[in-house]
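Hi everyone, thanks for coming.

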Amino acid sequence: MSAPSPAPSAPAESAAAENDFLATDSGLRPPGPTPSQSRFQVDIVAEAAGATDDKSPSSDASTTVPSSDTATPAAPPGADPGAGGEEAKGRFRVVNFADPSGAGSAASPEASPAEGLQNGDTVMSETSLHSSTGGQHHYHYDTHTNTYYLRTFGHNTIDAVPNIDFYRQTAAPLGEKLVRPTLSELHDELDKEPFEDGFANGDELTPAEEAAAKESAESKGVVKFGWIKGVLVRCMLNIWGVMLFIRMSWIVGQAGIALSCLIVAMATVVTTITGLSTSAIATNGFVRGGGAYYLISRSLGPEFGGSIGLIFAFANAVAVAMYVVGFAETVVELLAGVDAIMTDEINDIRIIGTITVILLLGISVAGMEWEAKAQIFLLIVLITAIINYFIGTFIAVKSKEPMGFFGYDGSIMWENMGPDFRGTTFFSVFSIFFPAATGILAGANISGDLADPQLAIPRGTLLAILVTGIVYLGVAVSTGSCIVRDASGNMNDTVSAQFTNCTDAACRFGYDFSSCKSQDSCKFGLHHDFQVMSVVSGFGPIITAGIFSATLSSALASLVSAPKVFQALCKDNIYPGLSIFAKGYGKNNEPLRGYILTFVIALAFILIAQLNVIAPIISNFFLASYALINFSVFHASLANSPGWRPSFKYYNMWVSLAGAILCCGVMFVINWWAALLTNAIVLGLFIYVSYKKPDVNWGSSTQALTYHEALTHTLHLSGVEDHIKNFRPQCLVMTGYPNSRPAILDLVHSFTKNVGLMICGHIRTGYRRPNFKELATDQARYQRWLLKNETKAFYTPVFAEDIRQGTQYLLQAAGLGRLKPNTLVLGFKNDWRDGDMMNVETYISMIHDAFDFQFGAVILRLKEGLDVSHIQGQDELLSSQEKSSGMKDVIVSIDTSKDSDADSSKPSSKATSLQNSPAIQKDDDDDGKATTQPLLKKDKKSPTVPLNVSDQRLLEASQQFQKKQGKGTVDVWWLFDDGGLTLLIPYLLTNKKRWKDCKIRVFIGGKINRIDHDRRAMATLLSKFRIDFSDITVLGDVNTKPKKEHVSAFEEMIEPYRLKEDDMEQEVAERLKNSEPWRITDNELELYRAKTNRQIRLNELLQEHSSTANLIVMSLPLARKGTVSSALYMAWLEALSKDLPPILLVRGNHQSVLTFYS
């Protein structure tokens, strides 16, 4: 850092000093701001940091600006100005991907307009750009610099004006990813410290994108191609394959001119539609390297992209072998013509092919620039060969007539107009031609090496399709118009005088080839001579050079495409084992390892030297890619995502769908078994990637369509009235943090999974002001935890003044349309006698509120308790699967000071201090994004505390519903008819795998003299409901008086909560009741004596009949609101459910949830 220029050390400096300061600098630079200096947001807290740190032009150009997310205190008046500048600079938030060379300038809101670098309505700064001038200093006017908005609106503000750098994911070589001021920085009060780094949703950089950012920052002098050299040349060379010279004339002989033109047109239609789709995707945002893989994966997601990327890269690698063998075969034919065969034909093909592919590898590894120069040279040769052929068609030579070439003639054209299939069909001829039309993605495959992919890919690809299509049609028409189908090559096959029935077009020119035609011994003509274009051309060897050019250029394009696509695939880490191939070398990031792999694959297939079986598979692999590119456009348009807005407008979703269907159809036309094999491979890879679930989020159209369908179906569902047959328990479960009460989470999930909605409600209370940002972070973090834990539920936290208010919020607002909860699930308040009785009042009020909102209520009681959040360091408690290797644990903060069995907002007697809880120890490298599964884990810094006996039991009890239940019973005590919810929940539970071995036993109340009748009536009802049960027990002794010791234990339990109004004056009693509404009056105790005895008696019966059950489901007793005090109601629930196996107290909303009508 250069020494700072003299700056005023206090705000009270004179104006003259400031003017002098400006005057000394005025000769150095013109007024006006520069674009690329350290971008920053001014911190309004640093009011006194008025010191500026100017950088002299002679200073080191590579100095970077330190960036920091932590706020530093403002420099006090009179402090060292240099230090003040440094401290203030620490407040600026910069993400530097490039190498910014200027130092930042700190400006505070209190600074005067003329201070430091400010001049009127503009701000001056300087920078050094990486340019041809060798990093000299440049000065610019730019109204969109980061500093400009300080004066744009006539006053200092940190509110930023629109800037492209805010929207970058990775930097261009001269750009920076900037972070705009957050809403908190602009909106929060001044005593906040809102400087936290973070990305907007979906802007997190994947490891691949971070690597790309690093590469783009490091790469200087990178070779980038325009649309002609990068796309047009490559596509034309790849499309004009060996077919043009060797097979096109044969196709015309078989199919005739009309059908040949139709074949070319059909192939061109498929490629044109695909070209339009490719253009649409390529212009819908910035395109990186990876070609077809990148386009498909970013549109349809990693599942489709990963499966296609692998086979597309493989197809390109094998295509190298196919083209090289095509070249080697031509060379061997030439050698055979001069009797220069080395060993035998097959081995010669292997030798020449191996030498050729090594040379091609050398050109590729030398770099993209050399490869591009080779492609230009090959294109010139190829175009020369095509022109040479067309010139030859106009030069009729007498010596060529015996070979079937007579020049343009109407009779020949008419004769060749119709088809003459010999051992072939229209579709078999089409399947032979179609591979010649592939290659349209050759330009897109090197998208990372294009200067402007969005412009180059549409323009180059579509123009290449147009030009090559016209040339194919021209060759088809010209060959059919001047060459006959059969010719012997014999000068003596002239028309003899005695035979006058010669009708062929050749007869007009005095030739009769009927004899060789009848004997099938013709060696020339469209049907028989694959090299007929050499015969026609003005100079035969140029056609041979054209064949060499076509094969070698296609081989070279494929040899470059395969590693580039494969490198992009490996960078995204979709197949973890292949990441070794992601590394690039040199300034162009060349995938040398990919080149070697492609070379090995190509060499293996070259050594086979028999590619008749492989060729159709390659064509099918390419077609599968085309089909998915077309489908991507249809899918993205169907999803109607606001992010789908290609700048290329000439596409249509239905045309793209037709293109996808056409591609699939052509796959089966070419080779049905190869099409089936291709589809099987794509499906296999798709299933594999879906199973692995790579941790990427590319905003794919699959995601957009899922949202679109969910929204549509939710709205559609809202228009239909609920029907009793479709009733589902949709539960609002008051879990607090989802991992703090595993038992209630697991049990409710058991009967709602794939059946109904489950919402984990969490009420956050506190006296301090609510931190809504933290609430949103927790919401995302715990939702991810639920997904990782394979729990199909939603986590919904709310801030409220107390639990009751929060519960009312959730009862009213949770859910969407018909996807709203209808049942409130609570944990039993085990510690109700230990704390403040107003908490019991709140707890009971929540149950009353649920009934007021027409909800059902369910309470789960485990004698050991539910809340495990105070237990230290239990990994296995919180995750149902192993921690993923290589992922960092995100330790989620669990505010144990607010947890209790009722919910998460009351201080728990068991809770340890926050400092001792490992649940809030965050990893040092945790960036707060919560990218992985939150886990509680053992504290690394303190020794593990051994669990006491009660905690050990609590831990085991909390996990009991995660295990298979084995052969046991679910006892249903259906004492009161609540609409059937008490029966429906056990039925749904026993349908699940974990509970399927458990039998349902039903217990009902009845009279002793009618036990058999009641049992039969219940059996009839259950059979009509189609619910299996193992036993029905009628309890005739429910109303028998309970044992005296149990009654006295109950009296002892409620003693502290009685009002005892008879022992005091009425006024005092009323005042005490108003201040402590939970107190039990003598009057109500007497009034509900029978009901109290029934609860005590029911507990005795439960102990007698159901002490070994896996789960008891029992009717929840009701208390009339405003009549029964909360302490008495709580005492009833305590007496009813104490010392039992897990018990679920259930009360529906008294609307039928079961029906026996169809």
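This is a predicted model: local features need pLDDT of at least 70, side-chain atom pairs count only at pLDDT 80 or more; totals for chains, interfaces and linings use all residues.

Okay, helices. Find α9, residues 302–337, and α10, residues 345–365. They pack at an angle of about 125°, and their axes are 8 Å apart. So what do we call that arrangement of α9 and α10? Angles of 65 to 115 degrees count as roughly perpendicular and those over 145 as roughly antiparallel, and α9 and α10 are therefore oblique to each other. Their crossing is right-handed.

Who's touching whom? On the α9 side you'll find, among others, Val320, Val324, Phe327 and Leu335, and they face a group in α10 that includes Ile349, Ile352, Val357 and Leu360. Sort the residues of this contact by type and you get twelve nonpolar, two polar and three charged. Glu329 in α9 and Asp348 in α10 are also part of the contact.

Is His749 buried or exposed? Its relative accessible area is 11%, and the cut-off for buried is under 20%, so His749 counts as buried. Leaving out residues up to four places away in sequence, His749 touches Met758, Glu790, Thr791 and Lys792.

Last topic: aromatic rings. How many aromatic pairs does the structure hold? There are 27. Take Trp644 and Tyr651: the ring centres are 5.8 Å apart and the planes sit at 75°, so this pair is edge-to-face. Trp644 counts as buried at 15% relative accessibility, while Tyr651, at 23%, is partly exposed.

Compare that with Trp832 and Tyr1057, a tilted pair with 5.6 Å centre to centre and 40° between the planes. This pair links distant parts of the chain, 225 residues apart: Trp832 is in the loop between β10 and α26, and Tyr1057 is in the loop between α31 and α32. Both Trp832 and Tyr1057 are buried.

And one more for you to look up: Phe314, Phe605 and Phe621 are linked into a cluster by ring pairs. That's it from me, thanks!

Terms used: Residues are numbered from 1 along each chain as its sequence is written. Side-chain values use heavy atoms; hydrogens and water are left out. Axes are lines fitted to C-alpha atoms, for helices over the stretch in contact, and angles run from 0 to 180 degrees between N-to-C directions. Helices (H or I, at least four residues) and strands (E, at least two) are DSSP runs, numbered from the N terminus. Angles under 35 degrees count as roughly parallel, over 145 as roughly antiparallel, 65 to 115 as roughly perpendicular and the rest as oblique. A crossing is left-handed if the near helix is turned anticlockwise from the far one by less than a right angle, and right-handed if clockwise. Contact means heavy atoms within 4.5 Å. Ala, Val, Leu, Ile, Met, Phe, Trp, Tyr, Cys and Pro count as nonpolar, Asp, Glu, Lys and Arg as charged, and the others, Gly among them, as polar. Buried means under 20% relative accessible area, exposed over 50%, partly exposed in between (1.4 Å probe, protein chains only). Rings of Phe, Tyr and Trp (its six-membered ring) pair if their centres lie within 6.5 Å; planes under 30 degrees apart count as stacked, over 60 as edge-to-face and the rest as tilted.
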